[in-house]
Amino acid sequence: MHLDPAYNLARWITQNEAVARDAVQEACIQSFRGFDQMQGPNARAWFLAIVRNSCLDQLRKLRQRGAEDEYDDELHGAALASGDSRSMSPEDIAASASDARWLRACIDGLPREYREIIMLRELEEMSYKEIGAIVDVPIGTVMSRLSRARDLLQQRMLAARKRARS
Amino acid sequence: MNCTMALRMLDAYIDHELDAATSAEMAQHVVACAECSALRSQRVAMQTALRATLVREPAPASLRAAVLRDIREADARRATRAPRPPRSGSSWARAWQMMLLGASTAVAGAIGGWWFAQPQGLDGIPEYVVTRHVASLSPEGPRIDVASSDRHSVKPWFQGRVDFAPVVRDLSAQGFELVGGRLDRIGDRQAAAVVYRLRGHAINVFSWRVKGHDVEPDRSVTLRGFNVETWNEADMDFAAVSDAEGAELKRFVAAYRGS
């Protein structure tokens, strides 16, 4: 029930399969230990908050060891270049976003805060309140961050198109 | 409502996060303002596309297995640390598992085997089944709420009393006489008990609805001289119990399951 969302969230946040797995495993143990402190009726939001923290812990550990994964610009660039159009009308957005690889590459290029909020909103379809609980920010911040994330994503999609054209 | 405000609230608007009054004001503005209307269309197109394209990938089976192994170990440690925890080790793990893995039958089956291996085990469904069976017996015969050898009387009786349709078969050709049905409980679940008789031996078949499974598939145990057979189907668990011989009960279960 909640393991799939957890795994997906971890992959979006860490952008690394192995790290995501470690983070989910760790989060499961933590949630098991803290099960009696589960707050509120929303088990999914409670669990995803633990998963997110676990991901951030894993990333912190990696940075300390100086082994942070290099951002593979070439790979992303190549994927990004596969789009093809002139401007971003709603029809264009719909057409280009149907290319899952291309779309994922666009989202992958966003900073972590924006990746996770888009994932929680569009993939998990969570409410602002739930997202606020998971990301640990007030609802107003969820609103402005999501808005910014969508602006950036749209810009990236447009830039990718331009690059493909030139 | 002016454009500055509208832009600030555009995302909350398409996400249906605005209160009704503000949302109505937004709707009015968007109809009147071509620029905001265009932005709204873009946003909606993006959201629709994202939701259509981004699919949740299932967690790999190996991760699922690793998680279950971790929890088993953590649960064992928990049990040693606290001899009498508020929720006993395995039912704790069970509750957690329900929360996390919920509907996954395959995993529930795998972990189910482990619960039963636990000493404090789900306080043993077979043990519970035997207790309910014994409680239903009296010198006059098994206690029943609806007495009938006609399955068309017994099955409808459960309508409105349990939220599933229990299996009631006419097994007289195989030597099992339908006696009737009864409302019962297995743990905190409401169960249907269908009662048969074989040469003076009462057979109770309990069935109840589950999310993850409570019982191991196709297991036979003998407790206090009673034989218990458990099995499960899609979202139902079953347990048959009787003082009839093990082989006879197996034959009964095969007939009852229609195999």
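Predicted model: local features only at pLDDT ≥ 70, side-chain atom pairs only at ≥ 80, totals over all residues.
1. Start with α2 of chain B, residues 20-32. From first C-alpha to last, this 13-residue helix reaches 19 Å, close to the 18 Å expected at 1.5 Å a residue.

2. Which residues of α2(B) are buried? They are M26(B), H29(B) and V30(B).

3. As for partners, the buried residues of α2(B) pack against α1 (3-14) and α3 (34-53) of chain B. On the other side of α2(B), the exposed residues are A20(B), A21(B), A24(B), Q28(B), V31(B) and A32(B).

4. Further along chain B, have a look at strands β7 (residues 219-223) and β8 (residues 226-233), which run antiparallel and are joined by five bridges. The two form a hairpin with two residues between them. L223(B) stands opposite F226(B) in β8(B), and R224(B), in the turn, has a positive phi of about 50 degrees.

5. Now the contact between the chains: 33 residues of chain A and 35 residues of chain B take part. On the chain A side, the helices that each supply at least two residues are α1 (3-14), α2 (17-33), α3 (43-64), α5 (90-97), α6 (100-108), α7 (112-123) and α9 (139-165). The largest share, seven residues, comes from α2(A). By class, the side of chain A that touches chain B has 22 nonpolar, six polar and five charged residues.

Technical notes: Residues numbered from 1 in each chain as written. Chains lettered and ligands numbered in written order. Helix = DSSP H or I, 4+ residues; strand = E, 2+ residues; numbered from the N terminus. Expected span 1.5 Å × (residues − 1). Buried ≥ 20, exposed ≤ 12 C-beta atoms within 10 Å, placed from the backbone. Contact = placed C-beta atoms within 7 Å. Pairing = 2+ DSSP bridges. Nonpolar A, V, L, I, M, F, W, Y, C, P; charged D, E, K, R; others polar.
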